[in-house]
Amino acid sequence: MTEDMTQYPLRLEGDDAPMIRFQNVTKKYGDLTVLDRLDLDVAAGEMVTIIGPSGSGKTTVLRMLMTLEQIDAGVIYVDGEPLTHMEKGGRLVRGDAQHLRRMRGKIGMCFQHFNLFPHMTALGNCMEGPVQVLGLSKREAEERALELLDMVGMAEKRDEHPSRLSGGQQQRVAIARALAMRPQVMLFDEVTSALDPEVISEVTSVIRALADQHQLTMLMVTHQMGFAKEISDRVVFFYDGSIEEQGTPDKLFDSPDKERTQQFLSAVLEAT
Amino acid sequence: MSYLEFLNTYGEALIGGSLMTVAQFVLAALVAVAAALVAGLMKLAPVKSVRGIATVYIELFRGTSLLVQLYWVFFALPLFGVSLHKFTAGFLTVGLCFGAYGAELVRGAVASVPKGQWEAALALNLSPARRMWRIILPQAFIIMLPPWGNLMVEILKGTALVALISVADLMFEARQINSATYLSAQAFGTALILYYIFARFTVTPLMRWLERTMARRIGKG
C-alpha cells in the first residue's frame with residue numbers, strides 16, 4: 001500500500017501542539033482492520049482513559065505507541081516529532097531502528113501481566129534500563145530506583161525476586177521500573193485486570209498519585225470504570241476500531257450521547 | 001589373575017585414560033555449549049542466509065555418525081590441508097556433534113521465553129543485543145538446563161569414540177589391556193564402571209546443582 005505522505009506535517013509545532021497525535025492511523029491484522037483511520041490527540045500532562053469492549057482496538061493504540069506494533073497507514077507523533085516515521089530529504093519515511101530507539105525513550109509502559117524480569121530483584125528490575133540504556137552509574141541508578149520503589153511503597157521488598165511478590169506488588173515495581181527511565185508519556189495497559197480485587201487499590205492509588213503530582217502525559221486502558229471516572233481528564237470510548245464517543249468523565253459516564261456507549265456502560269455496570 | 005592384581009597392574013593406565021577422558025569431556029562440553037549457543041541463536045536470526053548456515057551445520061552433524069565425523073576430521077581433512085592433532089580432533093568433533101543437538105535446545109528455550117519478556121525489554125528501550133543477553137538468555141538458560149544435563153552425559157559417553165583415532169582415553173586403555181591380556185571382562189568391566197561413576201556421580205550431580213542454584217537465583221528455590 002502506497003500512501004501520499006505529503007499530507008502529514010514533518011513535525012508538530014506551536015504551543016498547542018499535542019504530546020501525542022494519531023493522524024489517520026490504520027492497523028490491520030491480515031484482513032481484519034483493528035483500527036480504522038484513527039485521529040486522536042493527547043495534550044501534555046493530560047490523563048486520557050480508553051474504554052470499550054474487547055476487540056475494539058484499545059490495547060492496540062497503546063502497543064502502537066510503544067512501537068510493539070507497526071502501523072499500516074497514517075502517522076503517530078510524540079512530543080512534536082513523528083514516532084513511526086522520520087524525515088528524510090524533506091519527506092516522511094518509515095522510522096529506522098535508530099529513530100525508533102530514540103523516540104522510544106520518551107515512552108514508558110506497564111503491562112497487564114507486569115512482565116517483570118524474573119531473574120532480577122525488584123531493585124535490579126528498576127536499575128536495568130537506567131544502567132544499560134541511559135548509561136547511569138550503578139550508584140546513580142540505585143539511588144533513582146530506590147526513590148521510585150519508595151514512592152510505590154516497595155522499598156522494603158527491593159531485594160525480592162518477582163516470584164516472591166504478589167500481583168499488586170509486582171505491578172507497583174513495574175510502574176517504578178518504567179518511571180526510572182524518566183519517560184514523558186506513560187502507558188497503562190489494563191494494569192489491574194490480572195489482579196485480585198483486594199490488591200487493585202494498591203496499584204490505582206499509585207497511578208492516582210502520579211496523576212496528581214507529576215506532569216506526565218498518561219494514556220490508560222482499563223475496565224475499572226470508577227477509577228477511570230475519578231482520575232481521567234478525558235475518557236475515550238472505542239467501538240469496532242474507531243472512536244465512538246469521547247468527553248469528560250462526567251459527561252461520558254453520566255450522560256453519554258451515543259447509544260453504543262450507553263449500552264456498553266450499562267452492561268459493564270451490571271457486571272460489577 | 002585376581003581382580004585386585006589386575007587393578008594393581010593396570011590401574012595406572014586406567015587412571016591415565018580416565019584423566020584423558022575427563023579432559024576430552026570438559027573440552028568437548030565447552031565446544032558443544034559454544035557451538036550450540038551460536039547455532040541456536042543463528043537459527044532465530046531474521047536473515048534467511050544466517051538461519052541457513054545454522055541449519056546446514058545442525059543437519060550435517062546430527063544426521064551423520066559421530067564415528068564417521070571423527071574419521072573425517074582426523075583422516076580425511078589432512079588431505080584437504082587441515083591437519084589437527086588427534087587430541088584436538090577428538091574433543092572438537094565430539095563437541096561440534098553434540099553442539100548440533102544443543103543448538104535445538106537453545107533455540108527451543110529462547111523461543112519459549114514468554115513474549116511479554118521481549119516486550120518489556122523493548123519498552124525499556126534495551127538494544128537487541130542486550131535484550132537477548134541480559135533478559136532472554138538468562139531465562140532460556142534455566143529452561144534448557146534439564147535437557148542439557150542429559151546431553152552432558154551423552155557427550156561424556158560420546159568421547160569413548162575418540163579411542164578410535166588413538167586418543168589415549170579410558171576406552172583406548174581398556175582396549176589396549178584387552179588385546180594384551182584377553183582379560184575382556186576385567187578391562188571393559190572396569191571401563192564400564194568408571195564411565196558410570198563419572199556420569200552418575202559427577203556430571204549429573206553437577207548439573208542438578210546448577211539447576212538448583214539457578215532456580216534459587218530467580219527466587220524459586
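What pattern does chain B follow when read along the sequence? Chain B follows the pattern α-α-α-α-α-α-α-α, with eight helices and zero strands. Please keep in mind that you are looking at a predicted model. Chain A brings strands into the picture, including an open sheet of four strands, and chain A is also divided into two domains, domain 1 and domain 2. Let's walk through the structure topic by topic.

**Chain B: a chain of helices**

- The C-alpha atoms of chain B fill a box of roughly 70 × 50 × 20 Å, taken along the principal axes.
- Chain B has 221 residues, and 34% of them count as buried.
- If you take the contacts in chain B between residues at least 6 apart in sequence, 74% of them join residues at least 24 apart.

**How two helices of chain B pack**

- Helix α1 of chain B covers residues 3-43, and helix α7 of chain B covers residues 170-181.
- The axes of these two helices are 7 Å apart, and the helices pack at an angle of about 150 degrees. Because angles over 145 degrees count this way, α1(B) is roughly antiparallel to α7(B).
- On the α1(B) side, the residues that meet α7(B) are B:Tyr10, B:Ala13, B:Leu14, B:Gly16, B:Gly17, B:Ser18 and B:Thr21.
- Their counterparts in α7(B) are B:Leu170, B:Phe172, B:Glu173 and B:Ile177.
- Sorted by class, this contact of α1(B) with α7(B) has six nonpolar, four polar and one charged residues.

**Where chain B touches chain A**

- Here 18 residues of chain B are in contact with 22 residues of chain A.
- On the chain B side, two elements give two or more residues each: α5 (115-123) and α6 (128-158) of chain B.
- Which element gives the most to this side of chain B? The answer is α5(B), with six residues.
- The residues on the side of chain B that touches chain A divide into eight nonpolar, five polar and five charged.

**A sheet in chain A**

- The open sheet has four strands in the order β2-β1-β4-β5 (chain A), and the pairing is antiparallel.
- Why is one side of β2 and of β5 of chain A left without a neighbour in the sheet? Strands β2 (32-42) and β5 (81-82) of chain A stand at the edges and each have a single partner strand, so one side of each has no neighbour in the sheet.
- As a reminder, strands of a sheet pair through backbone hydrogen bonds, either parallel or antiparallel.
- Strand β1 (residues 20-29) of chain A runs antiparallel to strand β4 (residues 73-78) of chain A, and five bridges join them.
- To see one bridge pair for yourself, find A:Ile20, whose bridge partner in β4(A) is A:Val78.
- Helix α1 (residues 58-65) of chain A lies across β1, β2 and β4 of chain A, and runs at about 110 degrees to β1(A).

**Two domains in chain A**

- Domain 1 of chain A takes in 5-106 + 183-271, while domain 2 takes in 117-182.
- The C-alpha centres of the two domains of chain A lie 25 Å apart.
- Where the domains of chain A meet, 11 residues of domain 1 are in contact with 10 residues of domain 2.
- Helix α6 (residues 200-213) of chain A gives the most to the domain 1 side of this contact, with three residues.
- That domain 1 side has eight nonpolar, one polar and two charged residues.

**Residues to look up in chain A**

- A:Arg37 lies in strand β2 of chain A. Its phi is near 45 degrees, a positive value in a residue other than glycine.
- Is A:Arg37 buried or partly exposed? With 14 C-beta neighbours inside 10 Å, A:Arg37 counts as partly exposed.
- A:Glu190 also has a positive phi, of about 50 degrees, although it is not a glycine. A:Glu190 sits in the loop between β9 (185-189) and α6 of chain A, and is buried, with 20 other C-beta atoms within 10 Å.
- A:Pro130 is found in helix α3 (residues 122-132) of chain A, and counts as buried, with 23 C-beta neighbours inside 10 Å.
- Leaving aside neighbours within four places in sequence, A:Pro130 has contacts that include A:Leu136, A:Ala141 and A:Met181.
- A:Pro130 and A:Glu143 are 13 residues apart in sequence, and their C-alpha atoms are 11 Å apart in space.

Conventions. Residues are numbered from 1 along each chain as its sequence is written. Chains are lettered from A and ligands numbered from 1 in the order in which they are written. This is a predicted model: local features need pLDDT of at least 70, side-chain atom pairs count only at pLDDT 80 or more; totals for chains, interfaces and linings use all residues. Two strands pair if DSSP finds at least two bridges between them. Two residues are in contact if their C-beta atoms, placed from the backbone, lie within 7 Å. Axes are lines fitted to C-alpha atoms, for helices over the stretch in contact, and angles run from 0 to 180 degrees between N-to-C directions. Domain bounds come from an automatic or database domain assignment. Ala, Val, Leu, Ile, Met, Phe, Trp, Tyr, Cys and Pro count as nonpolar, Asp, Glu, Lys and Arg as charged, and the others, Gly among them, as polar. Angles under 35 degrees count as roughly parallel, over 145 as roughly antiparallel, 65 to 115 as roughly perpendicular and the rest as oblique. A residue is buried if 20 or more other C-beta atoms lie within 10 Å of its own, exposed if 12 or fewer, and partly exposed in between; C-beta atoms are placed from the backbone.
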